[in-house]
Amino acid sequence: MNNDQKAEICDIERLVKASQAKDRSAFDELVRLYQRRVMHLAVRILGDADEASEAVQTGFVKAYLGIGKLKEPKRFEIWLLRIVANAATSQLRAVKRRAEKIKIAGSHKDKKMVSPVEREPAKELKEAIQQAMLKLPKKQAQAISLFGLDDLSHKEVAEIMGCSIEVVRWYVFRARQKLKVLLKEYLE
Amino acid sequence: MVCVSSKAKIKGVIERVPRMKEKKENIDILLQRNATEQMAGVGWDELNAAILKTLDEAERSRACARRYKAVFKVAAGIIAAAAVVFIAVIVNTGVPPVVQFENRGNVVVKLIDKKGVDAIEIKLAESKARVMVDIETDQRKLAKVDVEIIDRNGQRKENDSRPAWIIISRPEPVFADNGINRDEIDLICLM
């Protein structure tokens, strides 16, 4: 850990303590510092930036309302990532319910009916990943998404998920296996 | 045994699971590609503004909820205090029942001492008739006291089905000074 990183951690601790003392501007600063990181996690879980944006907002509100309960300010990042991971997973379930409603309502816009010419590759991949993530159990979806975040250690992922490193590895292994099958056509 | 073998099986599988960060698989690259594409389209300033706006709303809602909570607490406290006072008043100073008699005026019956039979005070008896007080089960149940006037000659009615009569005489002739016949006023019959 270099001096810059140490200074940054001290700064974050100071901001967290100020936020706990009801300093709103300090929390706004924390939002500015962490929004990219938590957005990345939410996008990885949800596969879609718009949905992820909602989950991030929900996550930050929960964090703001509950920051007084955080006992160790230096663990703010772990705590925030856990909140956002849970918010994103809940959002994923909401997306699933919405998709089922649309299906029941008799939407005739079936993906298979769209001609390949009309398809947008990025959009199609996004939808395919979203559908695939919907089929994963909550813990597996969280594990594979957290593992995709850079500079997050195994231990930190386990802490965020509240289980052991081995169990997290198992979740990632199973998630990969399932996703490989579900996204087979995009891997070839 | 089944449990042990299952555990061993799971342990074996876990041990075979490769270390994730060490090797990126195609599926990881695909997921990362989508995430990068999605992140590229995000307007960070707009997102920041949206988050701060949501926080403002949450703060307002919380302040509002706190205010309502305080008002609700005060209101609940007032209601509880009023209820306690009301119950205390009812228990301690029961309202004497006023019983209307046919052609005999009103009689007010009041409990002045809950311990003994000398608990009934005749506040007003317009006529000279004797007063019969029926306390059903418990003297403390003031509201259930029923008063009626028996025949002027003091005889019990033949068809009266009441099983027993107790005659109570007040220890002090309270009303004697007022010129009211003590024998008539102080004889109280309980059943």
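Predicted model: local features only at pLDDT ≥ 70, side-chain atom pairs only at ≥ 80, totals over all residues.
Read from the N terminus, its elements simply go α-α-α-α-α-α-α-α-α. The chain has 188 residues, and 36% of them count as buried. As for how the chain folds back on itself, take the contacts with a separation of 6 or more: residues 24 or more positions apart account for 71% of these in chain A.

Along the sequence the pattern reads α-α-α-β-β-β-β-β-β-α-β. Of its 191 residues, 12% are buried. When contacts in chain B between residues at least 6 apart in sequence are considered, 41% of them link residues at least 24 apart.

The two chains also touch. On the chain B side, 27 residues take part, and they are in contact with 35 residues of chain A. Helices α2 (26-40) and α3 (44-92) of chain B each bring at least two residues to the side that touches chain A. Of the elements on that side, α2(B) gives the most, with eleven residues. Sorted by class, the side of chain B facing chain A holds 16 nonpolar, seven polar and four charged residues.

Back inside chain A, one helix pair is worth a look. Helix α2 (residues 24-46) and helix α3 (residues 49-66) of chain A have axes that come within 8 Å and cross at roughly 135°. Because of that angle, α2(A) is oblique to α3(A). The crossing of α2(A) and α3(A) is right-handed. From α2(A), the residues that meet the partner helix are Phe27(A), Val31(A), Gln35(A), Val38(A), Met39(A), Ala42(A), Val43(A) and Leu46(A). On the α3(A) side, they come up against Ala49(A), Glu51(A), Ala52(A), Ala55(A), Val56(A), Gly59(A), Phe60(A) and Tyr64(A). Taken by class, the residues of this contact between α2(A) and α3(A) split into 13 nonpolar, two polar and one charged.

Next comes helix α4 (residues 76-104) of chain A, which has 29 residues. From its first C-alpha to its last, α4(A) reaches 42 Å, close to the 42 Å expected at 1.5 Å a residue. A set of residues in α4(A) is buried, including Phe76(A), Trp79(A), Leu80(A), Val84(A), Ala88(A), Gln91(A) and Val95(A). An α-helix has 3.6 residues a turn, so residues three or four places apart point the same way.

Lys22(A) sits in the loop between α1 (3-20) and α2 of chain A. Although Lys22(A) is not a glycine, its phi is positive, at about 65°. Lys22(A) counts as exposed because 11 other C-beta atoms lie within 10 Å, and a residue with 12 or fewer falls in that class.

Phe173(A), for its part, belongs to helix α8 (residues 165-182) of chain A. Phe173(A) has 19 C-beta neighbours inside 10 Å, so it counts as partly exposed; being buried would take 20 or more. In sequence, Phe173(A) and Gln140(A) are 33 residues apart, while in space they are 8.6 Å apart, C-alpha to C-alpha.

Notes. Residues numbered from 1 in each chain as written. Chains lettered and ligands numbered in written order. Helix = DSSP H or I, 4+ residues; strand = E, 2+ residues; numbered from the N terminus. Contact = placed C-beta atoms within 7 Å. Nonpolar A, V, L, I, M, F, W, Y, C, P; charged D, E, K, R; others polar. Axes fitted to C-alpha atoms, helices over the stretch in contact; angles between N-to-C directions. Parallel < 35°, antiparallel > 145°, perpendicular 65-115°, else oblique. Left-handed = near helix turned anticlockwise from the far one by under 90°. Expected span 1.5 Å × (residues − 1).
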